[in-house]
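I opened my notebook for a quick look at strands and surface. Here is the entry I kept.

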Amino acid sequence: MSLVAEQAEFLKDAAKLINKCFELGFVVTGGELFRTPEQQAIYIQKGLSKTSNSMHLKRCALDLNFFKDGAMIGSREPLIPVGQYWESLNPKNRWGGNFKNFVDCPHFERQV
């Protein structure tokens, strides 16, 4: 599958994910989708990422901001159903809350 086709499928799944989040009672706002190699290098330097091969560089990752009852959600536990839903949509989908070396709960990606 071409990168453009992967990006399109990723965004279709992202739309489903966002709708599911609202169904689960979250208020969701957009974070980052595309990232340049220069920005990725800054994130690595600041300890905000551990890879130079982020799916954000391919427009196949999305960071979302989650809120419930007016408070931002920063922990993994409340987002587990969201992550499970994301990963159920396609075997290529990965949730950052399940990453082993660097837990990144607001991060949703498609491996390409």
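Which residue in the turn of the S2 and S3 hairpin has a positive phi? I found Asp69, with a phi of about 55° and a turn of two residues between the strands.

A note on the source: this is a predicted model, so I kept in mind that local features need pLDDT of at least 70, side-chain atom pairs count only at pLDDT 80 or more, and totals for chains, interfaces and linings use all residues. Residues are numbered from 1 along each chain as its sequence is written, and side-chain values use heavy atoms, leaving out hydrogens and water.

Next I followed S2 (residues 61-68) through its pairings. Strands here are DSSP runs of E with at least two residues, helices are runs of H or I with at least four, and both are numbered from the N terminus; two strands pair if DSSP finds at least two bridges between them. With S3 (residues 71-72), S2 makes two antiparallel bridges, and Lys68 has Ala71 as its partner. With S1 (27-30), S2 pairs in the antiparallel sense over four bridges; there I noted Thr29 with Asn65.

Then I moved to Phe34, which sits in the loop between S1 and helix H2 (37-45). Phe34 counts as partly exposed because its relative accessibility is 35%; the class runs between buried (under 20%) and exposed (over 50%), with a 1.4 Å probe and protein chains only.
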